[in-house]
Amino acid sequence: MDFDKILEVILSLIPALIVGAVAFYFFKQHTDNEERRRRFLLQKNMQKEAFPLRLQAYERMALFLERISPSKLLTRINPTSSNKEDYENLLIATIEQEFEHNLSQQIYVSDECWNILLAAKNATIQLIRKANMTEKTDSANKLREVILTDLMDKQPPSGAALSYIKKEVGEMW
């Protein structure tokens, strides 16, 4: 008799357990869905606010690359004397100053983009140093001429980095 009563209680509890399990499953699905929806809305809102900042950072980095482009740099920065080493140092100091001015923009651009920008900056500095080491360079004006002549046949390092920035910004849409 005790066994029959126990069996009867168990059989009457089975539907309640099934209903409880189904209710728990649907409640869990609902709360998970609400959490994902809230996270999506928060991310969407943050992205809406961060997008203009990121775009502005890419604009500033494009301006940086334009400013360190050797052809534009050489026309903007005139030699203070005929000493080629002084002019080389002035050009490199200008590039470093431009870079330091835009250093904070790295938090808004991708790591790969930032590495390409660093490479473009360093390659431009190397281009200037290499031109200064040639034997035909004996004055600041000759240094300008050698650098510009070297760039006649090839794209400046900042050009490749600028192309990458344009590609990355195009992917943001």
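A: One definition comes before the rest: contact means heavy atoms within 4.5 Å. The model is a predicted one. With that cut-off in place, the buried residues of α3 pack against α1, α2 (70-76), α4 (111-133) and α5 (140-150).

Q: Which residues of α3 are called buried, and what does the word require?
A: Buried means under 20% relative accessible area, and in α3 that label goes to K84, Y87, E88, L91, I92, T94, I95, E98 and F99. They cover an arc of only 150° around the axis, and therefore they lie on the same side of α3. On the other side of the helix, Q97, E100 and H101 are exposed, a label that asks for over 50%.

Q: What do the end C-alpha atoms of α4 say about its span?
A: The 23 residues of α4 should span 33 Å at 1.5 Å a residue, and because its end C-alpha atoms are 33 Å apart, the two values agree.

Q: Which residues of α4 are buried, and what covers them?
A: The buried residues of α4 are C113, W114, L117, A120, K121, T124, I125, L127, I128, A131 and N132. What covers them includes α1, α2, α3, α5 and α6.

Q: Why is the pair E88 and R129 called a salt bridge?
A: The label requires a side-chain nitrogen of Lys or Arg within 4 Å of a carboxyl oxygen of Asp or Glu; the closest N and O atoms of E88 and R129 are 3.9 Å apart, so the pair qualifies. E88 lies in helix α3 and R129 in helix α4, so the pair ties together parts that are 41 residues apart in sequence. E88, at 10% relative accessibility, counts as buried, whereas R129, at 35%, counts as partly exposed.

Q: What makes E96 and K121 a salt bridge, and where do the two residues lie?
A: Their side chains meet at 3.1 Å, N to O, and the cut-off is 4 Å. E96 lies in helix α3 and K121 in helix α4, so this pair ties together parts that are 25 residues apart in sequence. K121 is buried, because its relative accessible area is 6% and the label asks for under 20%, while E96, at 27%, counts as partly exposed.

Q: What is the N to O distance between K72 and E66, and how accessible are these two residues?
A: The side chains of K72 and E66 meet in a salt bridge at 2.4 Å, N to O. K72 has a relative accessible area of 40% and is partly exposed, and E66, at 29%, counts as partly exposed as well.

Q: How many salt bridges are found in the whole structure, and which residues are linked in a network?
A: A search of the whole structure finds 9 salt bridges, and R67, R76 and E98 are linked in a network of them.

Q: Why is S104 called partly exposed rather than exposed?
A: Exposed asks for over 50%, and S104 has a relative accessible area of 46%, so the label is partly exposed. S104 has its place in the loop between α3 and α4, and its C-alpha atom is separated by 8.9 Å from that of A57, 47 residues apart along the chain.

Technical notes. Residues numbered from 1 in each chain as written. Predicted model: local features only at pLDDT ≥ 70, side-chain atom pairs only at ≥ 80, totals over all residues. Heavy atoms only, no water. Buried < 20%, exposed > 50% of the residue type's maximum accessible area, 1.4 Å probe, protein only. Helix = DSSP H or I, 4+ residues; strand = E, 2+ residues; numbered from the N terminus. Arc of directions from axis to C-beta. Expected span 1.5 Å × (residues − 1).
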